[in-house]
Amino acid sequence: DRYGEVLGQTGPIPSRSRAAIGGDGYGVVTTGWSRLDPAEHPYVRGFGPDLSPQPQLETNSRTGQTMEYEYWSGYEQLISLPDGNLVSLDRATPTMQFAVSRMGRDGSLDPDFGAEGRIVIEEEQFGSAVSLLPGPGSSALLVGPDYRSRRSVTMLRIAPDGSRSSSELKGFKRFYFSDATVAKDDILVAGSVDLRPDPPKPSHQSFRVARYGLDGSLDRSFGRGGFADVYLGFPIGPDVISRDRRGRILVAGWRCGRLPVCRPAEGSKALVSLVRLKRNGKPDRSFGNGGKVKLRSTSRKGIQGMRVLNDGRIVLWFFPACARTCARSQQMLMLRSDGRPDRRVGRDGIWKFKAGTGVAITNVTPAGRNGMLVAGTSRICDADPQFSVSRLGPAGRRDRSFGGGDGVLMAPGSTDRFGAIASSSARQDADTITFAGLSFLRGDEGGVVQSSGLARLNLTAGDKGNVDRKCGR
């Protein structure tokens with residue numbers, strides 16, 4: 001066919017699948033056993049020369065029925081457990097099906113977990129928003145909206161052997177899930193809720209945070225009967241939740257009227273709102289105005305992530321204007337611990353992170369007393385993108401003693417035809433960072449072989465790449 005000859009199929013993705021450059025030189029096919037049903041569904045997947053995935057076709061060996069699915073995202077979320085093992089979450093859209101994989105410290109699949117290291121949640125149990133969190137011991141937790149049973153929020157506990165049990169997180173009505181985080185023996189869930197009875201429209205949308213035990217029971221000592229509701233005076237819902245070293249809870253949201261993408265050139269302006277709660281769920285009135293902060297933002301898209309640094313400052317980063325590494329920079333915002341913009345960074349705390357000719361951030365983690373590590377993907381000139389991590393100082397500038405003298409450490413490409421795009425990252429220890437994402441290898445005529453996998457970088461190493469060099473030289 002138009003993607004070339006299929007060479008064979010030998011096992012579950014990604015460990016024993018095969019791929020071949022298409023005969024026309026402008027596409028690729030991969031074959032293997034579907035993650036949706038490794039026992040019954042051989043599949044053929046095609047990719048064009050621009051790395052765009054073609055629809056995945058699967059044939060049921062029992063019925064002969066051919067089904068079409070979107071491709072899997074490639075380790076959309078990756079977390080490190082307290083024992084150093086890794087757990088990843090993969091997703092097939094729009095079917096809302098998930099695959100959870102468990103790996104050892106060296107990245108190898110755990111054969112005692114599910115079927116050859118992975119389990120598939122085949123039901124449409126969770127919606128588009130779901131959080132993967134470390135659980136007690138060496139378990140993992142999935143928290144998100146449950147559309148199948150029409151319950152608002154469900155927590156799924158996944159044991160080290162792959163066995164599962166779920167709990168309904170009670171107490172929400174008309175609740176819109178946003179994010180969740182773990183705090184020792186508790187789960188904090190953030191979302192939005194309309195406080196009016198039977199509202200015709202969500203004009204009184206408010207932040208809501210709830211705290212649950214690891215068994216799914218509501219902690220009624222938190223806030224008011226287990227909930228902390230904060231109305232900011234206008235309809236807005238939270239995007240992310242985080243905690244600082246003192247256990248205080250931060251929730252942040254972004255809004256640009258009714259627009260999903262802001263258009264500053266046309267006069268639309270975004271608004272960023274933050275709320276800080278004490279450990280008991282009461283507003284922290286030392287933060288902003290009575291525990292609330294409202295700021296104008298020039299970002300075109302919403303909040304991608306938030307982290308509290310070791311010195312108490314708060315950093316937020318926003319989704320880039322386009323996917324992969326086509327964006328030349330990505331906007332970030334730095335706030336002081338009291339909620340005011342840190343004017344030592346950029347312009348009123350707002351600055352653009354740049355590393356090469358293209359950048360895409362996946363995660364930010366604290367580094368040292370007042371710095372941070374920015375992990376993601378970078379591109380230098382016309383070369384293929386690579387996993388990268390940058391170390392930034394207190395003013396948001398790259399620390400040039402890190403990496404190859406440019407403040408950036410990039411994964412080495414084995415050839416000029418090899419590239420990698422990060423989907424997520426995790427810290428297994430203080431000296432390394434582990435990336436998960438998609439890698440690809442180009443053929444002579446532009447065809448592409450693509451697969452998902454992991455890579456771990458040593459943070460004390462150097463490299464020869466320079467993201468600041470001028471292209472064409």
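Modeller: Before we start, a polar contact here is a pair of N or O atoms within 3.5 Å; within protein, one must be able to donate a hydrogen and the other to accept it. Also, this is a predicted model.

Biologist: Fine. Which side chains does a polar contact of 2.8 Å join?

Modeller: Those of Q330 and Q304, with 2.8 Å between them.

Biologist: Where is Q330, and is it buried or exposed?

Modeller: Q330 belongs to strand β24, residues 330-335. It has a relative accessible area of 1%. Buried means under 20%, so Q330 counts as buried.

Biologist: What else is Q330 in contact with?

Modeller: Setting aside neighbours within four places in sequence, its contacts include Q304, W317, F318, W351, F353 and I361.

Biologist: Which sheet is β24 in?

Modeller: An open one of four strands, ordered β22-β23-β24-β25, with antiparallel pairing. β22 (303-308) and β25 (350-353) are the edge strands, each pairing on one side only. The twist from one strand to the next averages 25°.

Biologist: How many bridges between β22 and β23?

Modeller: Five, in the antiparallel sense; β23 covers residues 314-318. Across that pairing, M306 stands opposite L316.

Biologist: Switching topic. What order do the strands take in the sheet with β27?

Modeller: β26-β27-β28-β29, four strands in an open sheet with antiparallel pairing. Its edges are β26 (358-367) and β29 (408-410), which each pair on one side only. Neighbouring strands are turned by 20° against each other on average, direction ignored.

Biologist: Why is β27 called largely enclosed by the rest of the structure?

Modeller: Because eight of the nine residues of β27 (residues 371-379) are buried.

Biologist: And how many bridges join β27 to β26, and to β28?

Modeller: Nine bridges pair β26 with β27, and seven join β27 to β28. Both pairings are antiparallel.

Biologist: What about the turns? Which residues have a positive phi there?

Modeller: In the hairpin of β26 and β27, with three residues between the strands, G368 has a positive phi near 70°. The β27 and β28 hairpin has six residues between its strands, and C381 in that turn has a positive phi of about 50°.

Biologist: Back to S388. What is its bridge partner in β29?

Modeller: M410. β28 (residues 386-392) and β29 pair antiparallel over three bridges.

Biologist: Now rings. How many aromatic pairs does a search of the whole structure find?

Modeller: One. F387 and F435 are stacked, at 5.1 Å centre to centre and 10° between the planes. The pair links distant parts of the chain, with F387 in β28 and F435 in strand β31 (residues 432-442), 48 residues apart.

Biologist: Are those two buried or exposed?

Modeller: F387 and F435 are both buried.

Biologist: And which ring does R208 lie over?

Modeller: R208 lies over the face of F227, at 4.5 Å from the ring centre.

Biologist: Last one, the chain overall. How many helices and strands?

Modeller: Zero helices and 32 strands. Of the chain's 473 residues, 55% count as buried. Among contacts between residues at least 6 apart in sequence, 46% join residues at least 24 apart.

Conventions
Residues are numbered from 1 along each chain as its sequence is written. This is a predicted model: local features need pLDDT of at least 70, side-chain atom pairs count only at pLDDT 80 or more; totals for chains, interfaces and linings use all residues. Side-chain values use heavy atoms; hydrogens and water are left out. Two strands pair if DSSP finds at least two bridges between them. Helices (H or I, at least four residues) and strands (E, at least two) are DSSP runs, numbered from the N terminus. Axes are lines fitted to C-alpha atoms, for helices over the stretch in contact, and angles run from 0 to 180 degrees between N-to-C directions. Buried means under 20% relative accessible area, exposed over 50%, partly exposed in between (1.4 Å probe, protein chains only). Contact means heavy atoms within 4.5 Å. Rings of Phe, Tyr and Trp (its six-membered ring) pair if their centres lie within 6.5 Å; planes under 30 degrees apart count as stacked, over 60 as edge-to-face and the rest as tilted. A charge sits over a ring if NZ of Lys or CZ of Arg is within 6 Å of the ring centre and within 35 degrees of the ring normal.
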